[in-house]
Structure formats: structure tokens, C-alpha cells
Amino acid sequence: MKRISLKVRLATLAVAAIGSFQVITSPTAPAQDPAPNAKAVQRSRQTVQTLDNIFKQTIVLVTDKYVNDDDDFAAGSAAVLLFKNISEGSDNTIRLIDATGDPYDSDNVAKDDFEKSGIKKLKAGAKTVDQVVVRDGKHYLRALTPVPVVMQKCVMCHAHYADAKPGEPIGAISYTVPIQ
């Protein structure tokens, strides 16, 4: 077996990572750098993965332990409130959005081209969708991750989820995190 040096492997990974994202710039605010460092983008992707795991496990835990009938406060509603509070106090923006066309709350819909096209990609089987954007001269990673029905209790508050196929996204979490 041929041994490849660590530098060659890292260079190969960096080239692959650079080729896997797209930089979208805002016409009103040019970026300070033409493109973010590939390692920084990867760190932001890892941040999204960590947050996504925490949030989805929390929603499942809340549903399992505290949602027992349709009068209980829905875990999805708790997530929307949590994401709103996080977004108001930081550079991170997190939203729960509907992927069924029948949102529980009319504010939980895809609001821009990235979210709209991302929902289509998730419904077609993508595990995650992301894009590098520039806002006010700063680079951000936008990402969407799917939210499937994972428990029968979800159907208590969302009867239209009963027809969802296993693993089918009924929603998504939309992240915008700074690239540092």
C-alpha cells in the first residue's frame, strides 16, 4: 500500500472542500476576502452538525417525556421559541421550517431561494444542504438539515404527518452561522 504524506492528504482535502461550496456575495457589501478558508468553512459545518444533533435530540426528548396529549405544549413550538431566542442574542440564525406545504405556523415557511431550493433537495434525499454567503462583509455558512417524523407522538399535533414515509423530511432546521 502506497503511503501518502499528511501534507498531500490535507491539500487534497482542502481542494475537495473548496470545490464543495459556493460563495454568494451581497451586492451592497463586498467581502473583505474573496473566499473563506476551507478549514474555517469545515469548522462551521461541524458547528452546524453539533447544534443540529443537540436540537434534534432535545426535541425528541421533550416530545417523549412531556408531550402526552394534544393539549400539551408541542416540542416543535418549544424549538421555534428556543431558536428565536438564540437568533436574537447572537450572530447565529436558526429557524424551524415546514417541508410539507401545510405549516403548523405560517411563519415557519421557507422565506428565500436558499431555503426553498434546499427543501426540494432535502425532500429528494440530500442529507444536508449548505452554501457560503457574504453579509455586511462577513462570511456565513447557511445550512439546512432535514427533520423527519421520528415518533408516533408527532402525529398528535400534526395529523397530516401520519402519511409521511419513514425518513421523509416534514420540516427542516435552517442555520446561518458565522465562518471564523
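Student: What makes A38, A40, V41, S44, R45, V48, D52, F55 and T63 the buried residues of α2 in this predicted model?

Tutor: A residue is called buried if its relative accessible area is under 20%. The buried residues of α2 are A38, A40, V41, S44, R45, V48, D52, F55 and T63, so each of these falls under that cut-off.

Student: How do you know that the length of α2 agrees with its number of residues?

Tutor: At 1.5 Å a residue, the 29 residues of α2 should span 42 Å. The C-alpha atoms at its ends lie 41 Å apart, so the two values agree.

Student: Why is β2 called mostly covered?

Tutor: Five of the six residues of β2 are buried.

Student: How do you know that β2 and β5 pair?

Tutor: Pairing requires at least two bridges. β2 and β5 have six, in the antiparallel sense; one of the bridges joins R95 to S174 in β5.

Student: Which residues have the most contacts inside the largest nonpolar core?

Tutor: They are F83, I173 and Y175, in a core of 21 residues. Among the elements that give two or more residues to this core are α2, β2 and β5. I173 touches, among others, D52 and F55, as well as F83 and I94.

Note on methods:
Residues numbered from 1 in each chain as written. Predicted model: local features only at pLDDT ≥ 70, side-chain atom pairs only at ≥ 80, totals over all residues. Heavy atoms only, no water. Core = buried A, V, L, I, M, F, W, Y, C linked by side-chain atoms within 4.5 Å. Buried < 20%, exposed > 50% of the residue type's maximum accessible area, 1.4 Å probe, protein only. Helix = DSSP H or I, 4+ residues; strand = E, 2+ residues; numbered from the N terminus. Contact = heavy atoms within 4.5 Å. Expected span 1.5 Å × (residues − 1). Lists of a residue's contacts leave out its neighbours within four places in sequence.
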